[in-house]
Amino acid sequence: MAGAMSTPTATATAPRRRLTAARRRRQLIDVALETFARSGFNATTMEDIATAAGVTKPLLYQHFASKRALYLELIDDVTARLVDELARAAGSQTVFRKQVHAGMLAYFRFTIENQSAVGMLYDAPHDEELARGLRSIQDAIADFVSPLIEADIDEEHRRTLAIGVVGMTEGVTRHWLRQRQQRHGAAPGPDELEKQAILLAEQVSDLAWSGLRGVRRVG
């Protein structure tokens, strides 16, 4: 009996599994993103992020040298994920109009599924370095659209039109995010959000296609 009593239970002896460095870094990035999105860059402290993540401030500093370094890594992370989604969309279609629609759908799905991340980029401080995330997204969309424009025009003209499409998608995104912030009540479920992404993609790609198919060399 004594032997049985001395045998510890599995739950009592099971050690807490520590996160690997990579998984901990991923967790900190995700928590920091939500914290910055909620409070803004200037009002957020490293202590706020550490508390939200359930870690000590020294541990947070082991991964990120400063708040600015963490914010810049967030920008790069969000931008890289969006670029990856656009690249997948570009490779899924071969017809120009379908490519435009696929790219818009990928973009608006990403925006709706990552509202905190995109909102953080659009609300970046008026700081040349910290604002680079928004420019990276603009460049990513322009890089996606530019080679898809089937018209007898030079590269500079092609890039100008691509930037015009960027402005259109950015304006719609800001409008959608602003409306979401102003609405009260229960947040829409995944099915409703998917419907909104599809609708936005159809509306904006239709406008883009209507304009791009009539492009001609000018100047």
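A residue is called buried here when its relative accessible area is under 20%, and the legends that follow apply this cut-off to a predicted model.

**View 1. Buried residues of helix α11 and the helices that cover them.** Helix α11 spans residues 190–212 and has 23 residues. From its first C-alpha to its last, α11 reaches 32 Å, which is close to the 33 Å expected at 1.5 Å a residue. The buried residues of α11 are L193, Q196, A197, L200, A201, V204, S205, A208, W209 and L212. The elements that cover these buried residues include α7 (96–113), α8 (115–122) and α10.

**View 2. The crossing of helices α3 and α6.** Helix α3 (residues 21–39) and helix α6 (residues 67–92) have axes that come within 10 Å and cross at roughly 95°. Angles of 65 to 115 degrees count as roughly perpendicular, and α3 and α6 are therefore roughly perpendicular to each other. On the α3 side of the contact stand R25, R26, I29, A32, L33 and F36, and these meet K67, L70, Y71, E73, L74, D77, V78 and R81 in α6. The residues of this contact divide into eight nonpolar, no polar and six charged.

**View 3. Helix α6 along its length.** With 26 residues, α6 reaches 38 Å from its first C-alpha to its last, close to the 38 Å expected at 1.5 Å a residue. The buried residues of α6 are K67, L70, Y71, L72, L74, I75, D77, V78, T79, L82, L86 and A89.

View 4. Side chains of opposite charge can pair when their charged atoms come close. D77 forms a salt bridge with R81, and the closest N and O atoms of this pair are 3.3 Å apart. Both residues lie in helix α6, four residues apart, which is about one turn of the helix. D77 is buried, with a relative accessible area of 15%, whereas R81 is partly exposed, with a relative accessible area of 29%. The side chains of R88 and D84 also meet in a salt bridge, at 3.0 Å from N to O. R88 and D84 are likewise four residues apart in helix α6, and so are separated by about one helical turn. An α-helix has 3.6 residues a turn, so residues three or four places apart point the same way. R88 is exposed, with a relative accessible area of 57%, while D84 counts as partly exposed at 36% relative accessibility.

View 5. D139 forms a salt bridge with R159, whose closest N and O atoms are 3.8 Å apart. This pair links distant parts of the chain, with D139 in helix α9 (residues 132–145) and R159 in helix α10 (residues 155–182), 20 residues apart. D139 counts as partly exposed at 39% relative accessibility, and R159 is partly exposed as well, with a relative accessible area of 29%. Elsewhere, salt bridges that share partners join R26, D30, D77 and R81 into one network, and the structure holds twelve salt bridges.

**View 6. A22 of helix α3 and H63.** A22 lies in helix α3 and counts as exposed at 57% relative accessibility. A22 and H63 are 41 residues apart in sequence, yet their C-alpha atoms are 9.8 Å apart in space.

Conventions
Residues are numbered from 1 along each chain as its sequence is written. This is a predicted model: local features need pLDDT of at least 70, side-chain atom pairs count only at pLDDT 80 or more; totals for chains, interfaces and linings use all residues. Side-chain values use heavy atoms; hydrogens and water are left out. Axes are lines fitted to C-alpha atoms, for helices over the stretch in contact, and angles run from 0 to 180 degrees between N-to-C directions. Helices (H or I, at least four residues) and strands (E, at least two) are DSSP runs, numbered from the N terminus. Angles under 35 degrees count as roughly parallel, over 145 as roughly antiparallel, 65 to 115 as roughly perpendicular and the rest as oblique. Contact means heavy atoms within 4.5 Å. Ala, Val, Leu, Ile, Met, Phe, Trp, Tyr, Cys and Pro count as nonpolar, Asp, Glu, Lys and Arg as charged, and the others, Gly among them, as polar. The expected span of a helix is 1.5 Å times one less than its number of residues. Buried means under 20% relative accessible area, exposed over 50%, partly exposed in between (1.4 Å probe, protein chains only). A salt bridge is a side-chain nitrogen of Lys or Arg within 4 Å of a carboxyl oxygen of Asp or Glu.
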